[in-house]
Amino acid sequence: MKKRILCLLLACVLTLMVIGPVFAEGKTIVYWSMWSASEPQAIAIAEAVKAYEAASGNTVDLQFKGRTGMREGLQPALDAGTVIDLFDEDIDRVNVAWGNYLLDLEDLAKATDYEATAISGLIAAAREVAGGTLKSIPYQPFVYTMFYNQEIFAEAGIESVPTTWEEFLAACEKIKAAGYIPFTTDDAYVMTNFGYHLARYGGQDLVIDVVTNGNWAETPEVLKVAQDYEDLYNKGYLSSTFGTAAWPTNQNGEFALGDVAMYLNGSWLPNEVRGITGPDFQWGAFAYPTVPGGTDGLDAGNFGGQVYGINKNTEVAEEAFEIIRTVTKGEYDLKLSVESVGIPADTTNTEWPAALAAVKEVMANLAVRYEWSAGSENNPNMTPIIKENFQKLCTGNLTAQGFVDAMEAASN
Amino acid sequence: MKRNKTMIIVFLTPALVLFCAIFVYPILRTIVMSLFKVENITSGIAQWQYVGFQNYKSLATTSLFKTSLLNLLRIWAIGGMVVMSLGLLFAVILNSGIRFKNFFRAVIYMPNIISAVALATMWIQFVYNPRFGLLTSTFKLLGMDSLAAINWTDTTHKFWALLFAYCFGMVGYHMLIFSSGIEKIPQELFEASTIDGASKVQQFRLITFPLLRSVLKTNITMWSITSVAFFVWSQLFSMVTADTQTITPMVYMYLQVFGAGNVISERNAGLGAAVGVFLGLCVVIVFVLTNRLIKNEDLEF
């Protein structure tokens with residue numbers, strides 16, 4: 001008897017499973033996200049998606065794949081015909097590497113007047129990387145900037161943030177005199193120091209030309225960069241593990257714990273170290289200083305964000321765009337900003353997290369967009385070699401001329 | 001016994017089909033792919049662009065790939081010697097009748113059941129940390145300031161820091177294989193040699209080691225395969241951007257197939273396939289050489 005009842009129940013369950021979707025209301029949107037499920041961004045996005053489901057009656061199949069999962073898995077999955085309606089990742093990767101899979105969003109954006117409350121610089125950047133049309137919607141904006149510890153600056157008697165290299169050196173001297181280490185970074189980000197500095201001298205195109213064509217000795221600005229960082233080392237302004245500590249050793253250690261005053265990094269830094277700094281850390285930020293005779297000013301820098309892309313083969317484009325609007329506008333954009341200590345994408349959310357207050361001014365002044373590390377990592381066959389020699393330069397194991405010679409030799 | 005050919009075919013066919021689909025086809029496809037420029041690993045064959053041996057020529061002239069090969073060679077040779085020596089030593093000690101054998105064996109094997117991510121994080125953030133790492137703190141406590149000041153992850157020390165951490169985790173695995181080989185050797189051989197007056201060292205040199213030749217071959221082959229696939233530890237010691245001290249051919253292959261971490265770089269799955277073919281050949285050569293150089297013992301026991 002028991003067996004019969006069990007068989008009957010099993011048959012009912014199977015029947016429901018088979019015919020259930022036929023009678024289910026609403027549509028299903030498949031969304032692959034670059035975040036890991038435990039990250040604050042993922043938690044906020046999951047809440048926004050739930051709100052969308054409740055309001056629309058549709059179902060969202062939200063899958064957090066993580067960065068590596070997206071990088072390795074999205075394109076093969078799309079090629080294999082897997083249904084993925086909506087996905088997010090870095091602005092350059094979505095538009096350049098996966099550009100062929102994207103739906104043009106101009107009409108959807110116009111229909112909902114999306115741009116009225118979006119950051120115009122970011123939308124322009126999204127159009128630029130997509131070749132002039134809007135194929136992605138930015139959220140979680142970031143800006144790469146020089147972060148500093150305001151308490152150390154105050155203690156050292158620095159009244160205004162440095163804008164030129166001369167002022168930067170003067171600030172470093174004061175910080176050192178106050179008993180702190182002026183400047184640090186980790187191995188993961190040391191290339192951005194090189195890229196930014198060279199770009200300040202000759203612009204991003206010069207950086208890309210040097211790293212891709214190997215014009216190290218032929219480009220006098222390279223020697224100037226090396227001399228400036230050699231000078232920083234010789235004067236004792238750099239951490240003894242500048243650029244050589246395995247990430248996140250120095251950002252979590254000497255910077256977050258208050259031994260070092262400055263760290264060049266993206267606006268995600270306060271979120272990454274908030275468990276160490278606590279809420280009382282006094283965050284400051286300024287644009288990477290200009291250099292004598294350089295071409296680029298404080299209005300040039302790396303900024304961007306994560307972006308949303310919609311599969312061009314989707315059958316639920318409007319629904320997917322509505323999810324984008326839910327996440328990137330109003331309540332949930334603010335929640336995302338608060339939870340992840342990030343910059344809001346909606347311009348009506350004027351209240352930024354306190355740790356990023358100083359970043360607001362840096363971002364407002366940006367007009368020229370650098371690629372990641374100002375293009376200094378654009379030749380992957382050379383990046384590890386540049387990194388090694390720059391690390392040696394910054395730790396006193398190579399002179400400025402030695403750096404240029406080593407790079408020239410490596411590029412031949 | 002009469003053979004039923006039909007039954008043989010019926011039972012063998014599924015296995016053969018699966019073997020061809022899962023092993024033979026991917027190998028052949030990879031070899032063919034290595035002669036093409038392929039932007040994406042899942043691009044259709046119609047999108048492949050024939051380049052002949054250009055991918056191999058490109059590898060031969062790229063200094064970063066050569067650096068990665070040198071790193072692999074150092075991991076295989078130096079790490080191999082350390083791991084095999086320690087694994088064998090521990091296996092011999094554990095089988096010499098010491099007390100708490102199972103406890104010590106479990107302790108030495110333990111790193112193998114911990115995730116490589118957790119292990120590498122422990123080494124980088126706890127042992128090698130320049131501010132409050134185990135090494136720095138210990139050397140400071142002992143008054144050895146010059147050693148305490150070493151940054152174990154800088155360009156001079158990073159490779160050795162990585163290799164040490166990796167070997168630490170691998171010793172237990174190979175110890176276990178050696179140990180199982182030693183346990184198979186009949187106890188009477190040791191008893192007879194003890195009566196004849198052989199010391200422990202002589203027993204190891206004249207009985208244990210010669211009878212472990214086939215186990216040693218297995219261990220060398222296993223070590224070669226895991227070394228060639230060296231990837232996760234390298235990635236964990238150089239997060240975000242690759243590093244000359246930690247890059248291996250597998251990392252180089254990954255960069256070519258999936259692009260660099262932060263920037264959108266040109267991808268070529270064909271070049272990645274060429275790396276794969278080259279590494280496959282390396283393993284085959286090591287396997288053949290090992291079989292030639294280490295003869296199987298004629299003894300039966």
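Predicted model: local features only at pLDDT ≥ 70, side-chain atom pairs only at ≥ 80, totals over all residues.
Which residues does A:Tyr189 touch, not counting residues up to four places away in sequence?

View 1. A:Tyr189 touches A:Tyr144, A:Trp247, A:Gln251, A:Tyr263, A:Asn265, A:Trp268, A:Glu272 and A:Trp372, with residues up to four places away in sequence left out of the list. The residue sits in the loop that runs between strand E5 (181-184) and helix H9 (190-202) of chain A. A:Tyr189 counts as buried because its relative accessibility is 5%, and the cut-off for buried is under 20%.

View 2. The side chains of A:Tyr189 and A:Trp268 are joined by a polar contact of 3.4 Å. A:Tyr263 is 74 residues from A:Tyr189 in sequence, while the C-alpha atoms of A:Tyr189 and A:Tyr263 are 9.6 Å apart in space.

**View 3. Helices H3 and H14 of chain B.** Helix H3 (residues 63-94) and helix H14 (residues 269-293) of chain B have axes that come within 13 Å and cross at roughly 30 degrees. H3(B) is therefore roughly parallel to H14(B), as angles under 35 degrees count as roughly parallel. The crossing of the two helices is right-handed.

**View 4. Residues where H3(B) meets H14(B).** From H3(B) come B:Phe65, B:Leu69, B:Leu72 and B:Trp76, and these meet B:Val275, B:Phe278, B:Leu279 and B:Val286 of H14(B). Of the residues in this contact, eight are nonpolar, none polar and none charged.

Key: Residues numbered from 1 in each chain as written. Chains lettered and ligands numbered in written order. Heavy atoms only, no water. Helix = DSSP H or I, 4+ residues; strand = E, 2+ residues; numbered from the N terminus. Buried < 20%, exposed > 50% of the residue type's maximum accessible area, 1.4 Å probe, protein only. Contact = heavy atoms within 4.5 Å. Polar contact = N/O pair within 3.5 Å; in protein donor to acceptor, adjacent residues only side chain to side chain. Axes fitted to C-alpha atoms, helices over the stretch in contact; angles between N-to-C directions. Parallel < 35°, antiparallel > 145°, perpendicular 65-115°, else oblique. Left-handed = near helix turned anticlockwise from the far one by under 90°. Nonpolar A, V, L, I, M, F, W, Y, C, P; charged D, E, K, R; others polar.
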